[in-house]
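Student: Please put the model on screen, and let us go through it by question and answer.

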Amino acid sequence: MPNRPDVMDKLVSLCKRRGYIFQSSEIYGGTGSVWDYGPLGVELKRNLQERWWNEMVRSRENVEGLDSAILMHPRVWEASGHVSGFVDPMVDCRNCKKRFRADDPKIKGVPGTPDAQCPACGMKGTLGEPRQFNLMFKTFMGPVEDSASIIYLRPETAQGTYVNFLNVQQSTRQKIPFGIAQIGKAFRNEITPGNFIFRTREFEQMEMQFFVEPGTDMEWFEYWKAERMRWHKGLGLAEDRLQFHQHGETELAHYARAAFDVQFDFGGSLGFQEIEGIHNRGDFDLSQHQKFSGKKLEYFDQGSNKRFVPFVVETAVGPNRTLLALLVNGYREEAVEGEEEGRVVLGLNPALAPIKAGVFPLVKKDGMPEMARKIADDLRPHFPVFYDDSGAIGRRYRRQDEVGTPFCITVDGESAGGNSVTVRDRDTLKQDRVAVGSVRDYIDQRISG
Ligand code: ATP
């Protein structure tokens, strides 16, 4: 496997400078591992989410959409196993008050013994015994802050789908096999967040739960594995940066019958990491909710006259982490022939790029700005464009290259006479002369992939 360079620091700076991603509450010194999406970031994230929604929900007869609430009955998280099981063992230092994962390789010695040394302050014997630390954020519902009013911010969207399984099935009259998909926020009080937006405490998930008859689950598991890998390749992620990772016996959650991650090579020391999980969860979730709620969550198959608790095949992908993969995948620095200054390019799939075209007058005279403005205004209702008349044309091209804009339309000396413009391709740098009336079609065709 090629060892790809670490471009994370460069991306963090580019994202801030150009309005992709900002640190949350930056003017107050920032909030740990929480990020805000700026004007370009929000477009890219929306494009990614819409692509997933179109692919997973709208283009499939047997998948329905759902948008369940973040706050749920606290018993949900007892049934799901999150109250007792969603924990990491942690150790605290009595001296510097810092907290570490118990398996942190920087800890020397066994925590809880006099020899153990705190990796932060260096004191010996100050690290306590490992204690279980739950990753769910807790808050209170209503005016009284007591144990009866504890409520959690959901750590995944899937449970909102399970508790609505019958609502969706009965209201849509779907027959098994069918799926329910949703996109929404999830919160995890991660102990070791970091790597920019790779692991954050507030993030989004795009999850689909596919309900199947027991016995057909592995077939569907294979189907979804292939479908999801195809989707990631379609985003434009390089094929040799993508791989499957199969969960071994020790990694497999106790309820999972099989699990594969789609991994992407982020380069540097991060290397291949999960961007999506595909899980065969058996009947664990629906059975647990039956047990804890006392309500039957069975499906009645009229054809075979059978009643059963369906098995679930889940596909769970994070738009934030996938967005990071797209940025890493697309970032390149290259020399330009005949020019001293090189260029930085975000080689995003044109279908996902936040701005589809820059529109420029070559110079600010001879009616060029007016003509360029009119072209930009006419195109804007159809896709995002950016009008720019400041600075040398080369710099304007570079500014669009750096944010991933696939096309630049330039009004030049020939434009008025021939009612045509040049359209420059971000990747090949080739310029085509296109009739003004055909520019929209020309770009539409190339951004529909
Ligand atoms: P990890 O092992 O990296 O913590 P996970 O296996 O717990 O992830 P899942 O619960 O399967 O993750 O969630 C599905 C997807 O949600 C992940 O593949 C990832 O894209 C995204 N995701 C999970 N946790 C985070 C996080 N803290 N920050 C950003 N994205 C996340």
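Student: How do the residues of the shell around the ligand divide into nonpolar, polar and charged?

Tutor: This is a predicted model. In the shell, 16 residues surround the ligand. By class they divide into 4 nonpolar, 5 polar and 7 charged.

Student: Which element gives the most to the shell around the ligand?

Tutor: The closest residues to the ligand are Phe-203, Gly-277, Ala-316, Gly-318 and Arg-321. The elements that give two or more residues to this shell are β10, β13, β16 (311–317) and α9 (319–330). With 4 residues, the element that gives the most is β13.

Student: In what order do the 7 strands form the open sheet?

Tutor: The pairing in this sheet is mixed. Its edge strands, each of which pairs on one side only, are β3 (63–65) and β11 (242–246). From one strand to the next the twist averages 25 degrees. The order is β3-β9-β10-β16-β13-β12-β11.

Student: What angle does the direction of helix α2 make with that of β9?

Tutor: Helix α2 (residues 39–58) packs on the sheet. The strands touched by α2 are β3, β9 (178–187) and β10 (202–212). The direction of α2 makes an angle with that of β9 of about 160 degrees.

Student: How far apart do the C-alpha centres of domain 1 and domain 2 lie?

Tutor: The domain assignment gives domain 1 as 8–73 + 152–327 and domain 2 as 343–447. Their C-alpha centres lie apart by 36 Å.

Student: Which element gives the most to the side of domain 1 that touches domain 2?

Tutor: The contact takes 11 residues from domain 1 and 8 residues from domain 2. On the side of domain 1, the elements that give two or more residues are α1 (8–18), α2 and α9. With 5 residues, the element that gives the most is α2.

Student: By class, what residues does that side of domain 1 have?

Tutor: The side in question is the one that touches domain 2, and the contact takes 11 residues from domain 1. By class, these are 7 nonpolar, 2 polar and 2 charged.

Definitions and conventions:
Residues numbered from 1 in each chain as written. Predicted model: local features only at pLDDT ≥ 70, side-chain atom pairs only at ≥ 80, totals over all residues. Pairing = 2+ DSSP bridges. Axes fitted to C-alpha atoms, helices over the stretch in contact; angles between N-to-C directions. Contact = placed C-beta atoms within 7 Å. Near = placed C-beta within 6 Å. Nonpolar A, V, L, I, M, F, W, Y, C, P; charged D, E, K, R; others polar. Domains from an automatic or database assignment.
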